[in-house]
Amino acid sequence: MAALPQSSQAPAQVQLSRSRLKSIIGGSTGNMVEWFDWYVYAAFALYFAPHFFPSGDQTAQLLSAAAVFAVGFIMRPIGAWVMGIYADRRGRKAGLTLSVTLMCLGSLIIACTPDYRTIGIAAPALLVVARLMQGLSVGGEYGASATYLSEMAGRERRGFFSSFQYVTLISGQLLAILVLLFLQAVMDAVDLEQWGWRIPFVIGAVLAVVVFRLRRGLAETESFKNAQSTGAPQSGFLQLLRHHPRETALVMLLTAGGTLAFYAYSIYMQKFLVNTSGFSKEVASQINGITLFVFMCLQPVAGALSDRIGRKPLMVGFGVAGVLFTYPIFSTLEQTKSPLTAGLLVMAALVIVTGYTSINAVVKAELFPSHIRALGVALPYALANTLFGGTAEYVALRFKDAGWERGFYWYVTAMIGISLVVYLRMRDTRDQSLIHED
């Protein structure tokens, strides 16, 4: 008789696994489109910057575009605060659906805004408005998606499945690069510079509509349902600071070096290869695209490794390697004229930062109880991103404009070093996770 319950449980377990996998795929796909919309701005900045900021040399135009990119990060803490609370109170699915709606509107504004010659100062003003909306969206997206994927994944494979947040984040960035490469291949350079750069923003808006419909059909997580049914305290900013100050500070500090390194090695790298190394836009885009693809494939490998050996060894490995090799990689890239050598150096940098990117979402989610998890993950992460990730390009270009470009390499090295101290002192969240509902 004892065999009957076990037999009857098997189909239920299979159904649960299929439902979990479907939800993870659905959540990840939406995350990819969100980040495609966000990174299209960075990928096409070389083309649209003259239309919104017509005066000055290339470095000055890129500085203006990078400043607007950084402005978008100002809204990320606000989005993380407001939408993190929303996702904790109304559900992870509701937060994900709202974030993609805002992203769609931001992309449409950029796609449709006339240039500076047509409407004057209103052109860069509308660009700022669009990026503020997208910053609000991304601020909420990170916390909701990190929480959703971490809660949907089972305990034994949580590192592996939660790593798909960065797989989709990187694939969104990679898709933006691939669209750029495709347009560079099929369009005349003049047409691409005049109006072709608007195409990816239209694509992003259309894909966001598709994701909106997809996310409305996602299942809610058991963690959220359990928190609601047990009458857990409501999520809120004061509650986060009052009851989880250490975890909040921990998320900010462990994020600071990792997010700066990620933006320096990936987002800024395309501009660095053109503006410092002297490669053409096309070659720089190809190097960026190939290395990002390999980087994307490494995320689940590292995530699965963290399920076996723990999260802490990967983060410490990133910290040590980042401190030792960031300066040599950038200083060597200054001089190289070989695309192969440049690609290998960029790839080395991205392999290093994989120790952070592959598991940072699950580490943060494992630090907080379910009733405040989305806010706890999103808000301190967004604050660190605003201070360090969103300003990476601007700070790098400021150092270059001041005639001391290598100061940026030391800056990145120092911030990774600060995060390394945190990694060495923190507990391994794999073994002391607060995600209990599997």
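A salt bridge is taken here as a side-chain nitrogen of Lys or Arg within 4 Å of a carboxyl oxygen of Asp or Glu. Helices are DSSP runs of at least four residues, numbered from the N terminus. The structure is a predicted model.

The protein chain contains 20 helices and 0 strands. Of its 438 residues, 59% are buried. Among contacts between residues at least 6 apart in sequence, 87% join residues at least 24 apart. Carbon and sulfur atoms account for 67% of an accessible surface of about 16,800 Å².

Helix H10, formed by residues 199–215, spans 24 Å from its first C-alpha to its last, close to the expected 24 Å. Its buried residues are Pro200, Phe201, Gly204, Ala205, Ala208, Val211 and Arg215. These residues lie on the same side of H10, because they cover an arc of only 140° around the axis. Val206, Val210 and Arg213, on the other side of H10, are exposed.

The whole structure holds 8 salt bridges. In helix H19 (residues 392–401), Asp401 and Arg398 are 3 residues apart and therefore separated by about one helical turn. Their side chains form a salt bridge at 3.9 Å, N to O. Asp401 is partly exposed at 49% relative accessibility, and Arg398 is partly exposed at 42%.

A salt bridge also joins Glu334 and Arg406, at 3.1 Å from N to O. This pair links distant parts of the chain, with Glu334 in helix H15 and Arg406 in helix H20, 72 residues apart. Glu334 is buried, whereas Arg406 is partly exposed.

Asp307 and Arg311 form a further salt bridge, with the closest N and O atoms 3.0 Å apart. Asp307 is buried at 17% relative accessible area, as is Arg311 at 1%. Together with Glu366, these two residues are linked in a network of salt bridges.

How values were computed. Residues are numbered from 1 along each chain as its sequence is written. This is a predicted model: local features need pLDDT of at least 70, side-chain atom pairs count only at pLDDT 80 or more; totals for chains, interfaces and linings use all residues. Side-chain values use heavy atoms; hydrogens and water are left out. Helices (H or I, at least four residues) and strands (E, at least two) are DSSP runs, numbered from the N terminus. Buried means under 20% relative accessible area, exposed over 50%, partly exposed in between (1.4 Å probe, protein chains only). Contact means heavy atoms within 4.5 Å. Accessible areas come from the Shrake-Rupley method with a 1.4 Å probe; for residues, only the protein chains shown count as cover. The expected span of a helix is 1.5 Å times one less than its number of residues. The arc is that of the directions from the helix axis to the C-beta atoms.
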